[in-house]
Amino acid sequence: MQNVHPLFVHFPLGLLITAVACEALFALTRRPLADTLARWLLYLGAIAAGAAALTGWLASQHVAPVARAAHGLTDHRTFGFVALGTAAVLAFWRWGTSRAGGPRPRALFLVGMLGLAALLVAAGLEGGKLVYELGVGTTLTAPGGPLHEAGADSSHGAKRDVPRSSDFH
């Protein structure tokens, strides 16, 4: 199965970081267009984050394990899922208050959005490190690649918690 996670990860980064910027712009200027943009970018970004998390989880089931990347993969997955949860909570909060003029208290919502941006940056940096420094998910670490670790197990000997399709013959 082709790893499509890289195709999906940039959408939530772009959409949600821009949503945070629009929310901050609205806080400074009170321009309705910034508020509307922030709201819709948050909705689309939360959906895109769900797609990125799903494709990331699927990729983790199929990429060749890299022992040196086990801790980084755990961090990347944690940042990604926490960012997804944060985006979902903020999107539902924003959706539930859209008829009432927006979330109250607005300052707390903005702090949540800034926290979301920090989570996205952390997840993105960790993901970039995994790919560009450790070769996770690339042909370098795939079977037959020059950095392939024969017999490596990214879970450090722990049994996988999710069965693979190859487990069912």
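This is a predicted model: local features need pLDDT of at least 70, side-chain atom pairs count only at pLDDT 80 or more; totals for chains, interfaces and linings use all residues.

Reader: Why are α4 and α5 called roughly antiparallel?

Author: Helix α4 (residues 70-96) and helix α5 (residues 106-132) pack at an angle of about 155 degrees, with axes 8 Å apart. Angles over 145 degrees count as roughly antiparallel, so that is the label for α4 and α5. Their crossing is left-handed, and the contact residues split into 16 nonpolar, 6 polar and 4 charged.

Reader: What makes R106 and E23 a salt bridge?

Author: Their closest N and O atoms are 2.7 Å apart, and the cut-off is within 4 Å, so the pair qualifies. R106 sits in helix α5 and E23 in helix α2 (residues 10-29), so the pair ties together parts 83 residues apart in sequence.

Reader: How do you know that R106 and E23 are buried?

Author: Buried means under 20% relative accessible area. R106 comes in at 11%, so it counts as buried, and E23 at 2%, so that one does too.

Reader: What makes R94 and D35 a salt bridge, and are they buried or exposed?

Author: N to O is 2.6 Å, again set against a limit of 4 Å. R94 has a relative accessible area of 1% and is buried; D35, with 12%, is buried as well.

Technical notes. Residues are numbered from 1 along each chain as its sequence is written. Side-chain values use heavy atoms; hydrogens and water are left out. Axes are lines fitted to C-alpha atoms, for helices over the stretch in contact, and angles run from 0 to 180 degrees between N-to-C directions. Helices (H or I, at least four residues) and strands (E, at least two) are DSSP runs, numbered from the N terminus. Angles under 35 degrees count as roughly parallel, over 145 as roughly antiparallel, 65 to 115 as roughly perpendicular and the rest as oblique. A crossing is left-handed if the near helix is turned anticlockwise from the far one by less than a right angle, and right-handed if clockwise. Ala, Val, Leu, Ile, Met, Phe, Trp, Tyr, Cys and Pro count as nonpolar, Asp, Glu, Lys and Arg as charged, and the others, Gly among them, as polar. A salt bridge is a side-chain nitrogen of Lys or Arg within 4 Å of a carboxyl oxygen of Asp or Glu. Buried means under 20% relative accessible area, exposed over 50%, partly exposed in between (1.4 Å probe, protein chains only).
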